[in-house]
Amino acid sequence: NILAWDSLSKDYHAKPGEMKAPFSFSLTNVSSKPIVIYDTSTSCDCTVAHLPSNPWTIPSGGSGKIEASINLSNKVGIVTNSVVVYTSKGNRRLYVKAFAAESK
């Protein structure tokens, strides 16, 4: 594995009325060469992911974060989506799960 991730799956428990579930995935390039992250895609339009730059080159030993969020507007219960990270050394699927509380 060329990228070491803090986790491949993240959960978020939203408070009643909260409209956005934020997620942050930390990664480190553990290979001896730079890795390029070209882009991300999500499994639903309600989920977005942001790279620090596009494309994003991570030097050997370098680290950073990919931020993602789920729009919880009109959602109640468990919302599970994925973020695919496209790199110069293959792709990685990350999972985000939000527990959306009912508004009071």
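## Ser82 in strand β8

S82 lies in strand β8, which spans residues 77-87; strands here are DSSP runs of E with at least two residues, helices are runs of H or I with at least four residues, and both are numbered from the N terminus. This is a predicted model, in which local features need pLDDT of at least 70 and side-chain atom pairs count only at pLDDT 80 or more, while totals for chains, interfaces and linings use all residues. Residues are numbered from 1 along each chain as its sequence is written, and side-chain values use heavy atoms, with hydrogens and water left out.

With a relative accessible area of 6%, S82 is buried, where buried means under 20% relative accessible area, exposed means over 50%, and partly exposed covers what lies in between, using a 1.4 Å probe and protein chains only. The side chain of S82 is joined to that of R93 by a polar contact of 2.8 Å; a polar contact is a pair of N or O atoms within 3.5 Å, of which, within protein, one must be able to donate a hydrogen and the other to accept it, and residues adjacent in sequence count only if both atoms are side-chain atoms. Not counting residues up to four places away in sequence, S82 touches S41, T42, S43, R93, L94 and Y95, contact meaning heavy atoms within 4.5 Å.

## Overall fold

The protein chain has 0 helices and 9 strands, so that its pattern, read along the sequence, is β-β-β-β-β-β-β-β-β. Taken along the principal axes, the C-alpha atoms fill a box of roughly 50 × 20 × 20 Å. Among contacts between residues at least 6 apart in sequence, 62% join residues at least 24 apart.

Of the 104 residues of the protein chain, 37% count as buried. The accessible surface of the chain comes to about 5900 Å², and 50% of this belongs to carbon and sulfur atoms; accessible areas come from the Shrake-Rupley method with a 1.4 Å probe, and for residues only the protein chains shown count as cover. The mean positions of the 11 positive and 7 negative charges are 6 Å apart, with Lys and Arg counted as positive, Asp and Glu as negative, and His and the chain ends not counted. The place of each charge is taken as NZ of Lys, CZ of Arg, CG of Asp or CD of Glu.

W5 lies in strand β1, residues 3-5, and at 14% relative accessibility W5 counts as buried. Leaving aside neighbours within four places in sequence, W5 is in contact with F25, S26, L27, I66, V85, R92 and L94. From W5 to S63 the C-alpha to C-alpha distance is 9.6 Å, although these residues are 58 apart in sequence.

The largest nonpolar core has 26 residues, of which W5, F23, L27, I37, I66 and I70 touch the most other members; such a core is a set of buried Ala, Val, Leu, Ile, Met, Phe, Trp, Tyr and Cys residues joined through side-chain atoms within 4.5 Å. The elements that give two or more residues to this core are β1, β3 (20-29), β4 (35-42), β6 (56-58), β7 (63-71), β8 and β9 (90-100).

T47 has its place in strand β5 and is buried, with a relative accessible area of 2%. Not counting residues up to four places away in sequence, T47 touches T42, S69, I70, N81, V83 and V96.

Y95, in strand β9, counts as partly exposed at 40% relative accessibility. Leaving aside neighbours within four places in sequence, Y95 is in contact with L8, S9, K10, F25, N81 and S82. Y95 and I78 are 17 residues apart in sequence and 13 Å apart in space, C-alpha to C-alpha. H13, in strand β2 (residues 9-13), is exposed, with a relative accessible area of 56%, and the C-alpha atoms of H13 and H50, 37 residues apart along the chain, are separated by 21 Å.

## Backbone features in two loops

The peptide bond from N54 to P55 is cis, with omega near 0°, and P55 is found in the loop between β5 (47-50) and β6. In the loop between β7 and β8 is N74, a residue other than glycine whose phi has a positive value, near 65°. N74 is exposed, with a relative accessible area of 79%.
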